[in-house]
Amino acid sequence: MSSTRKLWIGLTALLLASFAVLLWVGSEVHRKAPPMPDKVVTVDGDVLFTRADIETGRQVWQSIGGQQLGSIWGHGAYVAPDWGADWLHREAEAVLDLWARREHGVDSYKQLDEPTQAAYAKRVQALLRRNTWDESAGTITIERDRAEAMALVGAHYIDLFGNEPATAELREAYAMRNDTVPDAAHRKAMTGFFWWAAWSSVTERPDDVISYTANWPADELVGNTPPPSAFLWTVFSVLFLIAGVALLGWHYAVNHGDEMVPELPRTDPLASIRITPSMRASAKYFWIVIALFLVQILLGATTAHYQVEGQEAYGFALADILPYSLTRTWHTQLAVLWIATAWLGMGLYIAPAISGHEPKFQRLGVNVLWICLITIVVGSFTGQWFAVMQKMGLAHNFWFGHQGWEYVDLGRFWQWFLFIGLILWLTLVGRALWPAIRHGGESRSIVSLLFLSVVAIGVFYAAGLMWGEHTHLSMVEYWRWWVVHLWVEGFFEVFAVAVIAFLFTRLGLLQVRTATIAVLFATVVFMAGGVLGTLHHLYFAGTPTSVIALGASFSALEVVPLAYVGFEAYQSYRLGRSTPWMQRYKWPIMFFIAVAFWNLVGAGLFGFLINPPLPLYYMQGLNLTANHGHTALFGVYGMLGIGLMLFCLRGLKPGVEWNERALKVSFWSLNIGLAGMSAFTLLPLGILQLNAVLDHGYWYARSAEFMQQPLVEMLVWMRVPADTLFSVGALALAWFVLRLWIAPKQASVPVNAAGIAAAKR
């Protein structure tokens, strides 16, 4: 049996087993999710909240931006608090103060001596952690003292999300606009949702000693400390990582030691590709990539500035027009959109190039899809503005407004529109690739893997359609991470690796058999950790302990293929310097080298820093998460999108002389700027927050008291030089693309001239 066939069988078996386990875990999440009560009542029978109140409160929270304004269970924005953690600590202190006033005649329990405080802490833990959920009656019963404390905390949030002068300073610290929720009844309902999120995070599961969220967030006052499973599976995750890297080193040594260096062509093999009408039409996708990228950077700068001024930008009341939750929504959403558009454009360009076949009406399909993408961006962003500004109403928000789920914020109508667009893209790319698969040849396995990844990209976005408006929060998180992790980080990456392998074989840098084995092996290794590694996002989302065990074990393996990609990138770079005409592809390959670097640093080092259960218990939702997000999302997927785009542009404009200086400025400015964001702001701020969690609890690390310190503001301002340099890199890239069409300088020699002449360009 050939090595290729064995790898295909292994990949198929791996995917079937992994998705079977992932679906089984989903059934367990559904079965063991925190209960949603029909009523929350006091021991005297007074109704505090109904299920309708809690459900309406969640709708209100989603309509104002949801996870883009603070967070719930740690997933979301970083400026405002995690509302569940904040409510939980406030409620505990309110109960303690109530007891201190009644039993000792002092205003605060902090005025009591230490032994009394310790006794009170044990007492409040017993009160809050006891599970009074009655499944048969559908009720949660609350003690009188706790109900009184809940009323006080609820009043605080009702004032905060309104326009009360007493909470104005706190609104500014949280980057919230005045009258974030103008309807008082909606504010009251939202307190019910916040309370339920807090209740889930402290109430112990039936017949267990940990809460529904595995004792997250960290808060010793209420008895939330890491569960033993977090320690156990963190140790195992490190062992899995060491074993995976050792196996990778062994495989690489065995399979690359005697490898023959291919004989490189004398001229550029890609220069002979015939540019079809549909390939030429794909150029407009890259124009949109540049436009969305520039707007994303502008919105990112605005979002970061809100952390300093809160409601203004240099004195202008920007929050009245574009509040923080909206700028962050668009910033994160555009990151996914422009990167995905670059990859979609690459697929439309490369499919006819691979097969040499231009299907009927292909150009029309490419143009229609482009119009659909523009419509989706404009339509969804408009709906989100109306939602966040509270001008849409709850009845239409889910379908046309803001769903409130980070990275999957667009309304359900626009989600369906995007899914239909992806199916159209799948059809266009698939029918152009099919002749190459049918005719076979040496590259059949690579093209087949490319085709299957295209199918997965089109189909797996449907995971974002699996929840409804009132689906349980734990199940929404389960399906949402299918989209964010499996769709973006999984199948798009397989697609990109297959495309790069095909390009490198056509350039003569890799032998087809070697590239085929390398791509299949990389896919097997990535999917081994990538599918079940999805669960590391769900440790504390109201899920059972099995999620911690599986997520910790398999997410550790995600680092392994990142090292493998680094080896392959270096090998390709070394070979690429061996022939003069390869200078035509210097900058696309340089961006692939950057992908390998940020794979190891952003996705690998910074990712593994927060992925194991015990570190994530303390770090989830801190700027260490943002540090990983920036360096992995742009450093890996953004750089990859730019590299793929440059390969396409080289083919679309073969006779145009490239502005090498602009690309050099762009490459180094983007990379140094990204490194500066991490080194001077995100990483040190995240470490400061981690120290605050360990000393005081999670609530404090996200509080206004901590985030408004002069040191924190200084770290935020220290982003400015790096952000500026990053922006220069984006503008240089935009200038380069613009000059390809506006007054381009024609090359002085033919593109298929022999090696040394081509190198002069």
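Hi everyone, let's start with a contact: R130 and E143 form a salt bridge, with 3.6 Å between their closest N and O atoms. It ties together distant parts of the chain, 13 residues apart: R130 sits in the loop between α4 (114-129) and β5, and E143 in the loop between β6 and α5 (144-160). By salt bridge I mean a side-chain nitrogen of Lys or Arg within 4 Å of a carboxyl oxygen of Asp or Glu. Helices (H or I, at least four residues) and strands (E, at least two) are DSSP runs, numbered from the N terminus.

A word on the source: this is a predicted model, where local features need pLDDT of at least 70 and side-chain atom pairs count only at pLDDT 80 or more, while totals for chains, interfaces and linings use all residues. Residues are numbered from 1 along each chain as its sequence is written, and side-chain values use heavy atoms, with hydrogens and water left out.

Back to our pair. R130 is partly exposed, because its relative accessibility is 39%, and E143 is partly exposed too, at 35%. Here buried means under 20% relative accessible area, exposed means over 50%, and partly exposed is in between (1.4 Å probe, protein chains only).

Now the sheet beside those loops' strands. In what order do the four strands of the open sheet run? The order is β2-β1-β6-β5, with mixed pairing. β2 (47-50) and β5 are the edge strands, each pairing on one side only. Two strands count as paired if DSSP finds at least two bridges between them. β1 (residues 39-42) and β6 (residues 139-142) run parallel, joined by four bridges, and V41 has T141 as its bridge partner in β6. β5 (residues 133-134) pairs with β6 in the antiparallel sense, over two bridges. There, D134 has T139 as its bridge partner, and W133 stands opposite I140. β5 and β6 make a hairpin with four residues between them, and in the turn G138 has a positive phi of about 70°.

On to the other salt bridges; the search of the whole structure finds 14. One of them joins E406 and R328, at 3.0 Å from N to O. That pair also links distant parts of the chain, 78 residues apart, with E406 in the loop between β7 (402-405) and β8 (408-410) and R328 in helix α11. Are these two buried or exposed? E406 counts as buried because its relative accessibility is 6%, and R328 is buried at 7%.

D86 is buried at 6% relative accessibility, whereas R90 is partly exposed at 29%. E28, R31 and K32, meanwhile, are linked in a network of salt bridges.
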